[in-house]
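Please look through the sequence and the structure shown below before reading on. The briefing that follows is grouped by topic, so that each part can be checked against the picture.

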Amino acid sequence: MQTWVALLRGINVGGNNIIPMKILTQIMTDAGYEGVQSYIQSGNVVFQHTEVSSNVLASELSLLIQRHFDFQPKVMLLTATEFNQILAQNPYKQAYSEPKQVHFFFVDEIPASPDLTKLQQLKSPSETYELQPQGLYLFAPEGIGRSKLVAKVDKCLGVSTTARNLNTLLKLKDILKLKTV
């Protein structure tokens with residue numbers, strides 16, 4: 001049995017693509033996913049499944065959601081090990097005291113030719129970022145509400161992303177600890 005973290009892209013934003021997490025948890029449980037636990041309404045789910053292929057499982061979960069909610073979200077899946085590696089590689093450890101200042105943009109595939117010049121031009125003077133194969137770490141001490149970089153990150157990387165702040169990632173890590181004990 002593999003433990004997975006599912007990150008759903010673009011749900012429960014601005015009144016669109018609404019998925020109540022309590023209902024999603026029940027639907028997944030009924031479909032044979034085990035130990036399903038969600039965190040907040042932005043589409044973060046930890047569960048266990050016998051499937052070992054993230055691509056197969058992401059497609060299956062996306063179709064399950066489509067059957068119940070009439071839209072098909074992008075689902076990014078990570079094993080517990082992959083998820084914990086992303087947290088361990090966070091270059092902004094100094095921001096753990098303010099975890100909403102660090103954001104991680106998960107990518108659906110490794111960016112082949114990201115536009116680093118454009119990223120650099122878009123970032124504010126207070127923002128710093130680090131691109132790694134599994135995604136982009138962003139330190140935004142003034143928040144991301146008006147960030148020009150955040151608004152264009154998918155275009156600059158050339159791949160689809162979904163972002164979570166460090167606070168959310170740490171909560172998911174706590175859920176994962178409970179699943180692996």
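**Aromatic rings, salt bridges and one asparagine**

A single aromatic cluster is formed by Phe104, Phe106 and Tyr137. The model is a predicted one, and within it there are four aromatic pairs as well as two salt bridges, the latter found by a search of the whole structure.

**Aromatic pairs**

- Tyr33 and Phe47 make up one of the aromatic pairs, with an edge-to-face arrangement in which the ring centres lie 5.1 Å apart and the planes stand at 75 degrees to each other.
- This pair links distant parts of the chain, since Tyr33 sits in the loop between helix 1 (21-30) and strand 2 (34-39), while Phe47 belongs to strand 3, and the two are 14 residues apart.
- Tyr33 has a relative accessible area of 2% and is therefore buried, and Phe47, at 0% relative accessibility, counts as buried too.
- Phe104 and Phe106 also form an edge-to-face pair, with 4.6 Å from centre to centre and 80 degrees between the planes.
- Phe104 is buried because its relative accessible area is 1%, and Phe106 counts as buried at 3% relative accessibility.

**Salt bridges**

- Asp154 forms a salt bridge with Arg9, and the closest N and O atoms of the two are 2.4 Å apart.
- Because Asp154 lies in helix 5 (residues 148-157) and Arg9 in strand 1 (residues 2-9), this pair ties together parts that are 145 residues apart in sequence.
- Asp154 is partly exposed, with a relative accessible area of 21%, and Arg9 counts as partly exposed at 33% relative accessibility.
- In another salt bridge, the side chains of Asp108 and Lys74 meet at 3.3 Å, N to O.
- Asp108 is partly exposed at a relative accessible area of 31%, and Lys74 is partly exposed at 36%.

**Asn44 and its surroundings**

- Asn44 lies in strand 3, which covers residues 44-49, and it counts as buried because its relative accessibility is 0%.
- The side chain of Asn44 makes a polar contact of 2.9 Å with the side chain of Ser42, and a polar contact of 2.5 Å joins the side chains of Asn44 and Arg164.
- Leaving aside residues up to four places away in sequence, Asn44 touches several residues, among them Ala6, Leu7, Tyr39, Arg164 and Leu172.

Technical notes. Residues are numbered from 1 along each chain as its sequence is written. This is a predicted model: local features need pLDDT of at least 70, side-chain atom pairs count only at pLDDT 80 or more; totals for chains, interfaces and linings use all residues. Side-chain values use heavy atoms; hydrogens and water are left out. Helices (H or I, at least four residues) and strands (E, at least two) are DSSP runs, numbered from the N terminus. Buried means under 20% relative accessible area, exposed over 50%, partly exposed in between (1.4 Å probe, protein chains only). A polar contact is a pair of N or O atoms within 3.5 Å; within protein, one must be able to donate a hydrogen and the other to accept it, and residues adjacent in sequence count only if both atoms are side-chain atoms. Contact means heavy atoms within 4.5 Å. Rings of Phe, Tyr and Trp (its six-membered ring) pair if their centres lie within 6.5 Å; planes under 30 degrees apart count as stacked, over 60 as edge-to-face and the rest as tilted. A salt bridge is a side-chain nitrogen of Lys or Arg within 4 Å of a carboxyl oxygen of Asp or Glu.
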